[in-house]
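Hi,

Here is the structure I promised to pass on.

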Amino acid sequence: MAEGDPEHPLTLSVAAVARRLGVAPATLRTWDRRYGLGPGDHTTGRHRKYAPRDVARLELMQQALLRGASSAEAAEYALSAPVPASPATPPPPGRGALRLRGANRPARGLARAVVALDQAAAQTLLADAVEADGVLTTWTGVISPVLAAVAARREPSGAGAEVSHLLEECVRATLARVAPIVTEPRNHRPVLLACAPGERHDLPLHPLSAELARRGVDVRNLGPALPVTALVAAVRRTAPAAVVLWAHLPRYADPAVLAALPRTRQQFRVLAGGPGWQRGVVPHPVERATDPAAAATAVERAVCHP
C-alpha cells in the first residue's frame, strides 16, 4: 500500500513519517503543536500531509537532538536552517552526536528515540526488533551499539544521564515482556544469574534471562551487586544446575568470589560471565562467557545436555 497521498504522491501521512523517522506519531503531533514543525498542507477537509520539505525539517531536528540539543533548541535550528541543508550549513547545536557508524536502521531509530526521550517509540522499536530477529541479535546489533554511543557522549557532570536511564529502562521493560513464564522447564534445577559484588551493570543479565526463558530454561535473576553471603545462601537454598556470575568491569571480577561458592550435594556448573573476566584468572573448572549469547549457549548446554 502506498504511503503517500494518491493525488500528491510525494506527501506522507503522520504514521508514514513516524515510521520513517523512528518516532511515535504522538511525538510528531507534539512537535507540531509546540514548535510548529508540522505538515504545511492545510487543505480544508483533508488529513494534513507532510511534504518533502516538512520531513527535511524534522530530520534536521533529529540531527540536533542526536547532538544533545534540547527539544526547543533543536526545533529552532530546524526552522531556521536552509532546506535541504547544504555542506556549508553549520552543525546543529549540542554537545556532540552519537557515533553510530555502520549501525543498522533499528539502532539508528532507537538512538533517535531515546535522545528525544520518546519512550513509546523506543519500546516499539525494540519490540519490533525482537520479534523480527530475536533477543540476542537485537541485543548485539541494536541495543549494544546505542548503549555504547550514549555512554561515550555522557559527560562527567552527569549531563546525558537521562538518555542513558531511559534507554536502560526501555530495554528492561521490553525484555521482561518478551520473556515467557517457564512453567515446564527443560532443566530440573534452576539457573542462578547474578552480578559480582559491587558490579551494578546488570543490564546484560536481562537479555540472557529472556533468551534462556524463551529456550525453556528456568532462571532466577538476582540482579546487581549481590553480596557474597547472599550468593552463597541462594546457592544453598536452590541447589542450582548452574550459576552465572557477571562482571562488566575487571575490578569486580574477583576469583575469590568464585572460590567462595559452597560445595553442595549436587554439583553445579559455574560460568564467569561478562568482559570483566576476560583477562582475569578463574579457577578450574569455571567456564568463561564474555557476552549474553555465549552465556546462553553455555548454560543451555550445561543444564539441558549434561
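A definition before the sheet: two strands count as paired if DSSP finds at least two bridges between them. Helices (H or I, at least four residues) and strands (E, at least two) are DSSP runs, numbered from the N terminus. Keep in mind that this is a predicted model, where local features need pLDDT of at least 70 and side-chain atom pairs count only at pLDDT 80 or more, while totals for chains, interfaces and linings use all residues. Residues are numbered from 1 along each chain as its sequence is written, and side-chain values use heavy atoms, with hydrogens and water left out.

**The sheet**

With that in hand, 5 strands make an open sheet, ordered β2-β1-β3-β4-β5, with parallel pairing. β2 (219-221) and β5 (287-289) are the edge strands, each with a single partner, so one side of each has no neighbour in the sheet. From one strand to the next the twist averages 20 degrees (axes are lines fitted to C-alpha atoms, for helices over the stretch in contact, and angles run from 0 to 180 degrees between N-to-C directions).

Starting from β1 (residues 191-195), 5 bridges link this strand to β3 (residues 242-246), and the two run parallel. In that pair, V244 of β3 is the bridge partner of L193, and A242 of β3 is the bridge partner of V191. V191 also has a bridge partner in β2, namely V219; β1 and β2 run parallel and are joined by 3 bridges.

β4 then pairs with β5 in parallel through 3 bridges, where L271 sits opposite E287 of β5.

How covered are these strands? For β1, 5 of its 5 residues are buried (buried is under 20% relative accessible area, exposed is over 50%, partly exposed is in between, with a 1.4 Å probe and protein chains only). In a regular strand the side chains alternate between the two faces of the sheet. In β1, V191, L193 and C195 point one way, L192 and A194 point the other way, and all are buried. As for β4 (residues 269-273), 4 of its 5 residues are buried, so this strand is largely enclosed by the rest of the structure.

**The cores**

A nonpolar core, as used here, is a set of buried Ala, Val, Leu, Ile, Met, Phe, Trp, Tyr and Cys residues joined through side-chain atoms within 4.5 Å. The largest one has 56 residues, and L28 and V146 touch the most other members. Elements giving two or more residues to this core include α1 (14-21), α2 (25-35), α7 (135-153) and α8 (161-178). α7 gives the largest share, 8 residues. Another core, of 22 residues, lies apart from this one, and among its members are L193, A242, A295 and C304.

Contacts come next (heavy atoms within 4.5 Å). Not counting residues up to four places away in sequence, V146 touches L100, A107, L110, A111, V114 and L167. Over in helix α8, C170 is buried because its relative accessibility is 0%. With the same exclusion of residues up to four places away, C170 touches Q119, A122, Q123 and L126. C170 and V114 are 56 residues apart in sequence, yet their C-alpha atoms are 9.0 Å apart. S164, also in α8, has a relative accessible area of 11% and is therefore buried. Leaving aside neighbours within four places in sequence, S164 contacts V150 and R154. In α1, the buried residues are V14, A16, V17, A18 and L21.

Most residues other than glycine have a negative phi, and most peptide bonds are trans. A225, in the loop between β2 and α10 (228-238), has a positive phi near 50 degrees. A239, in the loop between α10 and β3, has a positive phi of about 45 degrees; at 25% relative accessibility, A239 counts as partly exposed. Finally, H284 and P285 are joined by a cis peptide bond, with omega about 5 degrees, and P285 lies in the loop between β4 and β5.

Cheers
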